[in-house]
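Please keep the sequence and the 3D view at hand while reading.

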Amino acid sequence: MESLTKQQVLDAFHFRAATRRYDPVKKVSKDDFDYILQLARLSPSSVGSEPWKFLVVQNPELRQKLKPVGWGMASQLDDASYLVVILAKKNARYDSDFFRQGLEKRGLTEEQMQKTLAMYQRFQIDDMHLLESDRTLFDWTSKQTYIALANMMTGAALIGIDSCPVEGFNYAEVNRILAQAGAFDPNEWGVSVVVTFGYRAKDIKSKYRKPIDEIVKWIE
């Protein structure tokens, strides 16, 4: 496998910037976007739960419906090559069918299954206190989606593709619009975050980041 240099990776991180206006003519190829989706699929998640789905919203009418309630993406909806709504799993309890099905795909024996589920039970109840409310559990699965989100944006930047993560929208309305369109079952899934991809319409000013000694503390 051909390795990237550290400088090439750092250059991609410097290049990446939240792109709020895309070139309406230059489009990301399907092949390049399939690569970005693979980065999402291969991302890690807590206890290997993979509590996500990725809705690629290309329908122009549906994008227009999102505009009035999606102020953070309104300037991107017309020209972004791809709009991805990342869903997080609801009700992802240790004793749910969702978890059992995931373990079955790993080929565990019933004994291994019970030991693993017992470990997940301790993790969710005693360590993370995830079962205190439905919201607490949903927030945990939503956190996992941000790992995939970051990998998608970083991988896109490495091949010169721009992106923008979006939280600026009315979550209840976006959930309602997409669920009514048949995109997902709102009893099982909820919108976590949105991300757009394309090519920037103009140069973006270099971004400010805090110096490393302000954000890192060594404990030796």
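## Overall layout

From the N terminus on, the elements of the protein follow the order α-α-β-α-β-α-α-α-β-α-β-α, which amounts to eight helices and four strands. The model shown here is a predicted one, and its C-alpha atoms fill a box of roughly 55 × 55 × 35 Å when taken along the principal axes.

Of the 220 residues of the protein, 39% count as buried.

The domain assignment divides the protein into domain 1, made of 19–84 + 141–186, and domain 2, which covers 94–130. The C-alpha centres of domain 1 and domain 2 lie 29 Å apart, and the contact takes seven residues from domain 1 and six residues from domain 2.

Between domain 1 and domain 2 an area of about 420 Å² is buried, and carbon and sulfur atoms give 66% of that area. On the side of domain 1, the residues that lose the most area to domain 2 are Ser46, Val47 and Ser49, which together make up 72% of what that side buries.

In soluble globular proteins, nonpolar side chains tend to be buried together. In this model the largest nonpolar core has 22 residues, and those with the most contacts inside it are Met73, Val85, Val174, Leu178 and Val191. The elements that give two or more residues to this core are helix H3 (60–66), strand E2 (82–89), strand E3 (162–166), helix H7 (171–180) and strand E4 (189–198).

Which residues does Val174 touch, not counting residues up to four places away in sequence? Val174 touches Leu66, Val69, Met73, Phe169 and Val191. A second, separate core has 18 residues, including Val28, Ile36, Ala40 and Tyr82.

## Salt bridges

A search of the whole structure finds nine salt bridges, and three of these pairs are described here. In one of them, Arg200 and Asp162 meet through their side chains, with an N to O distance of 2.6 Å. Arg200 lies in the loop between E4 and helix H8 (212–215) while Asp162 belongs to strand E3, so this pair ties together parts that are 38 residues apart in sequence. Arg200 is buried, because its relative accessible area of 18% falls under the 20% limit, and Asp162, at 4% relative accessibility, likewise counts as buried.

Another salt bridge joins Arg100 and Glu110, whose closest N and O atoms are 3.7 Å apart. This pair links distant parts of the chain, with Arg100 in helix H4 (residues 97–104) and Glu110 in helix H5 (residues 110–127), ten residues apart. Arg100 is partly exposed, with a relative accessible area of 26%, and Glu110 is also partly exposed, at 47%. Asp95 and Arg93 form a further salt bridge, in which the closest N and O atoms are 2.8 Å apart. Here Asp95 is partly exposed, with a relative accessible area of 45%, and Arg93 counts as partly exposed at 32% relative accessibility.

Technical notes
Residues numbered from 1 in each chain as written. Predicted model: local features only at pLDDT ≥ 70, side-chain atom pairs only at ≥ 80, totals over all residues. Heavy atoms only, no water. Core = buried A, V, L, I, M, F, W, Y, C linked by side-chain atoms within 4.5 Å. Buried < 20%, exposed > 50% of the residue type's maximum accessible area, 1.4 Å probe, protein only. Contact = heavy atoms within 4.5 Å. Domains from an automatic or database assignment. Buried area = accessible area lost by both parts, 1.4 Å probe. Salt bridge = Lys/Arg side-chain N within 4 Å of Asp/Glu carboxyl O.
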